[in-house]
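Open the model in a viewer and keep the selection panel at hand. The stops below go from one selection to the next.

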2 protein chains.
Amino acid sequence: MTGKRRQAGVTMQDVAAIAGVSIKTVSNVINGYPYIRPGTKERVEAAIEQLGYRVNLSARNLRQGRTGMIGLAVPELSLPYFAELADSVIQAAERRGVIVLIEQTNASRERELEVLHGQRRHLTDGLIFSPLALGTEDRASFAVDFPMVLLGERIFGGPADHVTMSNVEAARAATRHLIETGRRRIALIGSHAGETVGSAALRQRGYEQALAEAGLPLDPALLGEAGLWHRSTGAEAMERMLDAGTDLDAVFGLNDALAIGALHALHARGVAVPEEVAVIGFDDIEDAAYASPPLSSVAPGREQIAQTAVDLLLARVAGTAPAEHVEVITDFEVVARESTVGAAVRSAAPARTGVA
Amino acid sequence: MTGKRRQAGVTMQDVAAIAGVSIKTVSNVINGYPYIRPGTKERVEAAIEQLGYRVNLSARNLRQGRTGMIGLAVPELSLPYFAELADSVIQAAERRGVIVLIEQTNASRERELEVLHGQRRHLTDGLIFSPLALGTEDRASFAVDFPMVLLGERIFGGPADHVTMSNVEAARAATRHLIETGRRRIALIGSHAGETVGSAALRQRGYEQALAEAGLPLDPALLGEAGLWHRSTGAEAMERMLDAGTDLDAVFGLNDALAIGALHALHARGVAVPEEVAVIGFDDIEDAAYASPPLSSVAPGREQIAQTAVDLLLARVAGTAPAEHVEVITDFEVVARESTVGAAVRSAAPARTGVA
DNA sequence: TTGTATGCGTTATCAT
DNA sequence: ATGATAACGCATACAA
């Protein structure tokens, strides 16, 4: 902090005047142009420091036709999964020198369309989009003329790059984990009846496959519908199932919020977890490890998803990505905690046991 | 969706050419200038629609010297309180037609200074800043030449506008709630020894006041140190206290993350909540209502804080705010749930009982 | 009511 | 190795 306080409205002109050089030279110094006489460079840097000069990004963007920003559109930051995802994307982008502009869609159809076609796209060089309301039937709306990477799997064979985890596999592994620990009547919370694409349908498919592999029947009474995957809807679905007197010894929440809601409802009814009912979630948000009891979950490799999506998008922006659209499948891991395996480990740092 | 697909690089010139008017007229139409012949306006709008024209915001920003964006700097979005705050700020800003650019400081001193003096400030018209690492000793760094509103209370009599809740009062009310429900040995988790300003010090002061009012002694053994207010540090502080065999019948977590961490540790040790130990947090994040048992907390009026901060900042940007710096104190409410009052209410929608 | 012309702060082209 | 100067796309003072 040797320089003076930042002053508004300092331009390259001012720096050039102080340093006794032309504006072009200042620009060269700032942009790391190699062929500059050391003395000149020093004078310019001193002037920059002295005036507290900062590049005007609006001007640079106008001139370059780029903005240095990418958009990240998610349903809402209040949902811990998306908050953690946003955190990871911001950090991944920062490593590449790019700024992230977050947009909330609230899972509304109208707002998701606006994300694709609205004014804001002019502010960003590309978009990472996790759609929730739009689906395969809206494929046409996804044909945009700017770089975009989709997260999740509502759109298939779509007209955009795509980063997702193997939902079917991961859900199968989670269900298998419950079966291997002795459960037979496994409820599913978060089902979307009639859906064939999207996380709900894919994860349910994995659940069904695991049941089939183990020779267990698929009981419709064990499918708990929940449109939005919030804690509240998870709790409500669980309540309905308990009210109906459905016999069950395990619950698979299609995401952690649902599972935590289910835990809440089970607790309220005095049902012991995992003694009477085991619970596993999906996403491995930080909450999961600190739930009571700590919630088993499927960790989707959030960091990997974020960095992959950012790098893919930036490659697309730079024009170095392959012509055809890319689909990247990321890794996952089943994390067994007390809600399924009991109090095997007791410590302040929640147990985390890789299973898959 | 009657227009053609959006095309990159369409400018006002193109629109003007199609509409048979000058660029100025197009500009007038876009900016809602009233004195335009209806027919002209229609032609321009038709041309805009036809070309899929969008204003180039970089150019507009450069010309106007404003960006239409405000910055929001928070420690990290992974912390639910800040994720929910960001959600509220984004929505509040949207109601005013402003875009929010989120920056994560990770509670690092260096990054917080960068937020105040870095490149990005050129991209925003003002800043809403929730500092964590910088404190009163850094007052000089807060003397910036752009509009800024501070959240929280690390800086007093500071050189900026300020929106905060009444931390002392709120913590006193939370502690009083524990006392009124019969607790006498109340542990505090999240203490910052030696700090005299900042949330930790203020909330602890409220705790001490409530104890004094009730004629209860202040036992240093009941002060659990936790530098960062995460679930993990809350769990660790709780563990240490339990390991030390400290006698206690209640825990006041200085935020919900700490309290949830404490719940986790208590659960791991088989301590019954609230039968043996009552727990209350602070912030009333959504997690609190869905913890097991549901966590009592202090609701800080997040929406109100967000809207107030945004409006104050925009007034400052517009130059309509008072010359001297404003300090706004927002409301709070103690929300009693099962972790302090027991299973009075059993329902999927967690009980929420206003007490203060 | 509408058109012309200038400049916002950069970067890039072309000289030198 | 560095300087002069022309865009980038828009808003606005000034003209008409």
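How many residues does the contact take from chain B and from chain A? In this predicted model, chain B contributes 50 residues and chain A contributes 49 residues.

**Stop 1: the side of chain B that touches chain A**

Select α4 (57-64), α5 (80-95), β2 (99-104), α9 (231-243), α10 (256-268) and α11 (286-290) of chain B; these are the elements that give two or more residues to the side touching chain A.

**Stop 2: the axis between the copies**

**Stop 3: DNA strand C**

Show DNA strand C and the 26 residues around it. Which of these come nearest? They are Met12(A), Asn56(A), Ala59(A), Ser22(B) and Thr40(B). Next select α2 (23-30) and α4 (57-64) of chain A, then α2 (23-30) and α4 of chain B; each supplies at least two residues of the surface near DNA strand C. The largest share, 5 residues, comes from α4(A). By class, the surface near DNA strand C divides into 11 nonpolar, 9 polar and 6 charged residues.

**Stop 4: the nonpolar core**

In soluble globular proteins, nonpolar side chains tend to be buried together. Here the largest nonpolar core has 182 residues, and Val89(A) and Val89(B) touch the most other members. Centre the view on Val89(B). Leaving aside residues up to four places away in sequence, Val89(B) touches Leu72(B), Val100(B), Ile128(B), Ala306(B), Ala309(B) and Val310(B).

**Stop 5: chain A as a whole**

Hide everything but chain A and switch to a cartoon view. Chain A has 13 helices and 13 strands. Its C-alpha trace spans about 85 × 50 × 30 Å along the principal axes. Buried residues make up 50% of the 356 residues of chain A. Among the contacts in chain A with a separation of 6 or more, 67% join residues 24 or more positions apart.

Methods
Residues are numbered from 1 along each chain as its sequence is written. Chains are lettered from A and ligands numbered from 1 in the order in which they are written. This is a predicted model: local features need pLDDT of at least 70, side-chain atom pairs count only at pLDDT 80 or more; totals for chains, interfaces and linings use all residues. A nonpolar core is a set of buried Ala, Val, Leu, Ile, Met, Phe, Trp, Tyr and Cys residues joined through C-beta atoms within 7 Å. A residue is buried if 20 or more other C-beta atoms lie within 10 Å of its own, exposed if 12 or fewer, and partly exposed in between; C-beta atoms are placed from the backbone. Two residues are in contact if their C-beta atoms, placed from the backbone, lie within 7 Å. Helices (H or I, at least four residues) and strands (E, at least two) are DSSP runs, numbered from the N terminus. A residue is near a molecule or strand if its C-beta atom, placed from the backbone, lies within 6 Å of it. Ala, Val, Leu, Ile, Met, Phe, Trp, Tyr, Cys and Pro count as nonpolar, Asp, Glu, Lys and Arg as charged, and the others, Gly among them, as polar.
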